[in-house]
Amino acid sequence: MTLLANSLASTKPAGIKAASAATRIGETFARLEAQKKKALVAFVTAGDPSREITVPLMHAMVESGVDVIELGMPFSDPMAEGPVIQRSSERALALGVGVADVFAYVSEFREKDNVTPVVLMGYANPIERMGMQAFGDRAKAAGVDGLIVVDYPPEESHDLLRTMDSVGIDVIYLLSPTSTPARIEMVASVGRGYIYYVSLKGVTGAANINTAEVAAVVARIKAKTDLPIGVGFGIRDGETARRVGDIADAVIIGSRIIQEMENSPPGAAIDNVKTLLQGIRRALDA
Amino acid sequence: MQMYDLPDARGHFGQYGGVFVAETLQAALLELKVEYEKTRTDPEFIAEFQRELKHYVGRPSPIYHAKRLSDDLGGAQIYLKREDLNHTGAHKINNTIGQALLARRMGKPRVIAETGAGQHGVASATVAARYGLECVVYMGSEDVKRQAQNVYRMKLLGATVVPVESGSKTLKDALNEAMRDWVTNVENTYYIIGTVAGPHPYPMMVRDFNSVVGKECIWQMPEMIGRQPDAVLACVGGGSNAMGIFYDYIGDESVRLIGCEAGGEGVETGRHAASLSAGSAGILHGNRTYLIQNADGQIIDTHSISAGLDYPGVGPEHAWLKDSGRAEYVAVNDEEALAAFHRLCRIEGIIPALESSHAIAQAIKMAPTMAKGKVLLVNLSGRGDKDMATVAERSGLQFFCRASCQQNAKT
Ligand SMILES: Cc1ncc(COP(=O)(O)O)c(C=O)c1O
């Protein structure tokens, strides 16, 4: 395992910190650090609940104080998601939303916003289907900054890492409460952009998190890496966001936003998401 | 004989297999891998496993010369490995006993399982009762409707059956849901996967537990005919009964290995479950293998008359055996399987599972083209009692499983 981590680590250009300031992700975290602020990261599924909503929703989220957008690529078998994101993925798939559509949304978003980092999040199969190089080239051309692939752990992602490094997209890895010290070290050495710490055992959208436990693990991760650390899974309100903000560099919210849209009357989804995120932003900055 | 020692330490069969799962599951899989490595060579465990197979399952299962069928076909001789005679009626119990013993060793009081037709669910519920473990079985809500009898069987055995409403509401979604349960309850829960799929070490472990089937054939065939068969045939859903009978024959290249996938309404119609014959490589359920997917890399609905073969993926070792040319894979469609089902009922007095009927159909196709001295060994992976309703419906007959239904129908 250590051997592997070393060989992967050697693919990282010497002297460049993973959260390189030259990228949108790096610039964003550097700016926030200078302002003594925490990053608010918002996850939504591309094309849910409609194809038309995604780009306006992305802009609205930025207006409400979101610093990084994670855009979900729908997949038929989202093994790590809870019911909310599963439903969201199913709605998008029912509309026929695929990887090419996701790229189109990012391109359109970039017409008006050239600073907010966009990270694609999804599963390995649609990427393999398109072909790793084609995926990387098209994602980069669309203006994608980072990539989270739930079912590509470091051991299985040599090709992914090499390809994304070559096109200039950060591969972001996950860590969890059950990650062993060896795995923390491995992810610390191969990760780019930021580290996504999954705050609890379980799937997305599960119950509220135990911030004391999170603090302990985040400290262990921090000891191994200079990468910013984002915490996600189970953050549902401003109060929790603020407590997580005290511990980590970024607060990641997903299921709660999607639920807000599910519960909104037609036409009100974007406004309601704005209100939700503005509240969380205020709490985070307080 | 060639040495065959796949998978490698990280679960790869060439480019297939591996551990493609979220970080949240990595520790659990590592724990399982380490425990299984210790267990698989532990004489005490092996002895207990073998005792259970003998006294609880009824092993060794016999090999039967289907002479009337062979004579009728006028070519190669067909021999049946009678996994249908096992306790619970299929090969699935070989694996669930092995894994339940492992769960007990690991101190996990709760086991979970996914099931499609309900056969693996029944086999899991059975061993959970046998070893005093809590058992939760995930089953697509579509399958719960189609397989009511097995649902009730699991309940009788004390298991909780959870209908899964996500995705296509079938086996693949049940597997997703079982994984989600496992991630959430990993401290006290052991996940018994029902076939040679999933992340490492499952494909290897399930193969090892089912390889008792082939190991028996290796000594039974010489006893019966003085040599090994010319070909071994098995149906392939996820591929556990096939890996079970193939495994010990891999090194003996004089024996052809033939996997029979579900051709459904015909591979050309797109309504089938033949991942190896008509699919392409990809990643699902924690491993790289052949999948039935669309141009966007989404997994698509499969179709087969037999629920147990209705799976869009296949075990990674089969993917490797296909690419390496060591095994051949063919698609057998619904009609052919159904015809083989009826033929075996009438001519040998054996009611096969619809899954196994696919392998029998392939033997029926091949035998007449071969000399009388040639031998085909078919894995009769299970019995067809569970398929009564499906077959009756196909034949346009009403089949009633409850007296109250019959009364309603009369009025
Ligand atoms: C009798 C029987 N044969 C075969 C199968 C298919 O599974 P596998 O390909 O793993 O043997 C099943 C699955 O339910 C089954 O019940």
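Reader: Where does the ligand sit?
Author: In the largest cavity. A cavity is a set of points, on a 1 Å grid over the protein atoms alone, where a 1.4 Å probe fits but cannot get out. "Sits in" needs more than half of the ligand's atoms within 2 Å of the cavity's grid points. The model is predicted, so local features need pLDDT of at least 70, side-chain atom pairs count only at pLDDT 80 or more, and totals for chains, interfaces and linings use all residues. Residues are numbered from 1 along each chain as written, chains are lettered from A and ligands numbered from 1 in written order, and side-chain values use heavy atoms, without hydrogens and water.

Reader: Which side chains have an N or O atom by an oxygen atom of the ligand?
Author: His91(B) is one, at 3.0 Å. Lys92(B) has a polar side-chain atom 3.1 Å from a ligand oxygen. Polar contacts here are N or O pairs within 3.5 Å.

Reader: And which backbone N or O atom?
Author: One of Gly238(B), 3.2 Å from a ligand oxygen.

Reader: How much of the ligand's accessible area does the protein cover?
Author: 97% of the 390 Å² that the ligand has on its own. That is Shrake-Rupley, 1.4 Å probe.

Reader: New topic. What is the volume of the second largest pocket?
Author: About 440 Å³. A pocket is an open set of grid points with protein on both sides within 12 Å along at least five of seven lines.

Reader: Which helix gives the most to its lining?
Author: α2(B), with six residues. Lining residues have an atom within 4 Å of a point. Helices are DSSP runs (H or I, at least four residues), numbered from the N terminus.

Terms used:
A polar contact is a pair of N or O atoms within 3.5 Å; within protein, one must be able to donate a hydrogen and the other to accept it, and residues adjacent in sequence count only if both atoms are side-chain atoms. Grid points are joined across faces, edges and corners, and a volume is the space filled by probe spheres set on the points. Helices (H or I, at least four residues) and strands (E, at least two) are DSSP runs, numbered from the N terminus.
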